[in-house]
Amino acid sequence: MTVDPAVLDELARLRSRVPELSGSVLATADGMVVAHDSHGIEPDTLAALAAAHLALARRFAHAVSHGELRESVVECDGGYITSYAAGPNALLTVVTSGDANLAMVHLEARRCVRRITKLMAVETMQQQQQLRPEIPQQTGPSTIPLARRTPMATLPNGSRRRTATN
């Protein structure tokens, strides 16, 4: 899978704006890595765990009738692991140290998710257009009638009935 360089740029920009960021992983909802900017964190493991966490958090949200899940925060002794829904089929997971300003993390990560979601929507649309074959143009006159069937009720009486003569 080829990663759009603009997505990688967004993850790098997020790292520059949040200095306490240890790593970020953009993954599909089923746990496959789309892109990552993680140093010292295994992106495949983080993507799989984040997808499982996202599925569980979505069930929590639906169980209490709170609508669609937007984000989930796990607070640990050493820091935060925050996952943000990036459309219906992806999520961004951000790992930060304990001294991170969580409000700033949310602000920057939400902006990043909005931009990535737009990028992925454009990329998906372009892929669909490439997969969809063009309808060929009709050659020749377009006035050629299609074959017609004549309903039985419009035929003359003599041709409708055949009598058996033995």
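1. Basis. This is a predicted model, in which local features need pLDDT of at least 70, side-chain atom pairs count only at pLDDT 80 or more, and totals for chains, interfaces and linings use all residues. Residues are numbered from 1 along each chain as its sequence is written, and side-chain values use heavy atoms, with hydrogens and water left out.

2. Strand 1. This strand spans residues 21-28. Strands are DSSP runs of E, at least two residues long, numbered from the N terminus. Strand 1 is mostly covered, with six of its eight residues buried (under 20% relative accessible area, 1.4 Å probe, protein chains only).

3. Pairing with strand 5. Strand 1 runs antiparallel to strand 5, residues 90-97, and seven bridges join them. Pairing requires at least two DSSP bridges between two strands. L26 has L92 of strand 5 as its bridge partner.

4. Pairing with strand 2. Five bridges link strand 1 to strand 2, residues 33-38, again in the antiparallel sense. V25 is bridged to H36 in strand 2. Four residues lie between the strands of this hairpin, where G31 takes a positive phi near 95°.

5. S83. What does the side chain of S83 make a polar contact with? The partner is the side chain of T93, at 3.1 Å. A polar contact is a pair of N or O atoms within 3.5 Å; within protein, one must be able to donate a hydrogen and the other to accept it, and residues adjacent in sequence count only if both atoms are side-chain atoms. S83 sits in strand 4, residues 79-85. S83 is buried, at 6% relative accessible area.

6. Neighbours of S83. Leaving aside residues up to four places away in sequence, S83 touches A50, R70, E71, S72, L91, L92 and T93. Contact means heavy atoms within 4.5 Å.

How values were computed
Buried < 20%, exposed > 50% of the residue type's maximum accessible area, 1.4 Å probe, protein only.
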